[in-house]
Amino acid sequence: MKSVLLTVVAFFGMAAQAHEFHTPNYCSTEIKNFCAHIGYSSQPEVNKAFEFVVDLVASPDALNQVKSAEVKLWMPEMGHGSSPVKIQRLDLKHFQVSDAFFVMEGAWLVKVDVKTASGTVQIDIPFTIK
Ligand SMILES: [Cu+2]
């Protein structure tokens, strides 16, 4: 039974990593060594529902303090966002995001708000839509 459980954990751990594309890591400007990137399997297209996974990169202690996360899509040069996304936690460090609509080409930020026991960690992940 224990080995079955370990196999299942290993499988989902791998599945969460199995993305063809990744952004670099970007880190909180306030909390040291708390970073994140996104992974995705197909390239985003304007106005088409896009799915990606937010992968938090932090110490095990920090990850254990994470309660939830929120994601917003924002176009800083133009001062507008997009419709709310769906977000679901997959495991300690991975969050599945769906219904993400980049409504125009250009420079976007995937704004990640990580809610922890001691406050919110903000991480902006630049993401360009061509
Ligand atoms: Cu815009």
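In strand 4, Leu56 is the bridge partner of Ala36, and this pair belongs to the antiparallel pairing of strand 3 (residues 35-40) with strand 4 (residues 50-57), which runs over five bridges. The model is a predicted one, in which local features need pLDDT of at least 70 and side-chain atom pairs count only at pLDDT 80 or more, while totals for chains, interfaces and linings use all residues. Residues are numbered from 1 along each chain as its sequence is written. Strands are taken to pair if DSSP finds at least two bridges between them; helices (H or I, at least four residues) and strands (E, at least two) are DSSP runs, numbered from the N terminus.

**Chain overview**

- The chain holds two helices and ten strands, and from the N terminus on its elements follow the order α-β-β-β-β-α-β-β-β-β-β-β.
- Of the 130 residues in the chain, 21% are buried, a residue being buried if 20 or more other C-beta atoms lie within 10 Å of its own, exposed if 12 or fewer, and partly exposed in between, with C-beta atoms placed from the backbone.
- Among the contacts in the chain with a separation of 6 or more, 52% are made by residues 24 or more positions apart, where two residues are in contact if their C-beta atoms, placed from the backbone, lie within 7 Å.

**Partners of strand 3**

- Strand 1 (residues 21-22) pairs with strand 3 in the antiparallel sense over two bridges, and His22 stands opposite Gly39 of strand 3.
- Strand 2 (residues 26-27) likewise pairs with strand 3 in the antiparallel sense over two bridges, with Cys27 standing opposite Cys35.

**The open sheet 6-5-9-10**

- Four strands, in the order 6-5-9-10, form an open sheet with antiparallel pairing, and its edge strands are strand 6 (80-81) and strand 10, each of which pairs on one side only.
- Strand 5 (residues 66-75) and strand 9 (residues 106-116) run antiparallel and are joined by eight bridges; Val110 in strand 9 is the bridge partner of Leu73.
- Strand 9 and strand 10 (residues 119-129), also antiparallel, are joined by eleven bridges, among them those that partner Val114 with Val121 and Ala107 with Thr128.

**The hairpin of strands 9 and 10**

- Strand 9 and strand 10 form a hairpin with two residues between them, and Ser118 lies in the loop between these strands.
- Ser118 counts as exposed because it has 9 C-beta neighbours inside 10 Å.
- The C-alpha atoms of Ser118 and Val66 are separated by 9.1 Å, although the two residues are 52 residues apart along the chain.

**Nonpolar core**

- The largest nonpolar core has 24 residues, and those with the most contacts inside it are Val54, Val110 and Val112; such a core is a set of buried Ala, Val, Leu, Ile, Met, Phe, Trp, Tyr and Cys residues joined through C-beta atoms within 7 Å.
- Two or more residues of this core come from each of strand 3, strand 4, strand 5, strand 8 (94-100), strand 9 and strand 10, with the largest share, five residues, coming from strand 4.
- Leaving aside residues up to four places away in sequence, Val112 touches Ala36, Val54, Ala69, Val71, Ile123 and Ile125.
- As general background, nonpolar side chains tend to be buried together in soluble globular proteins.
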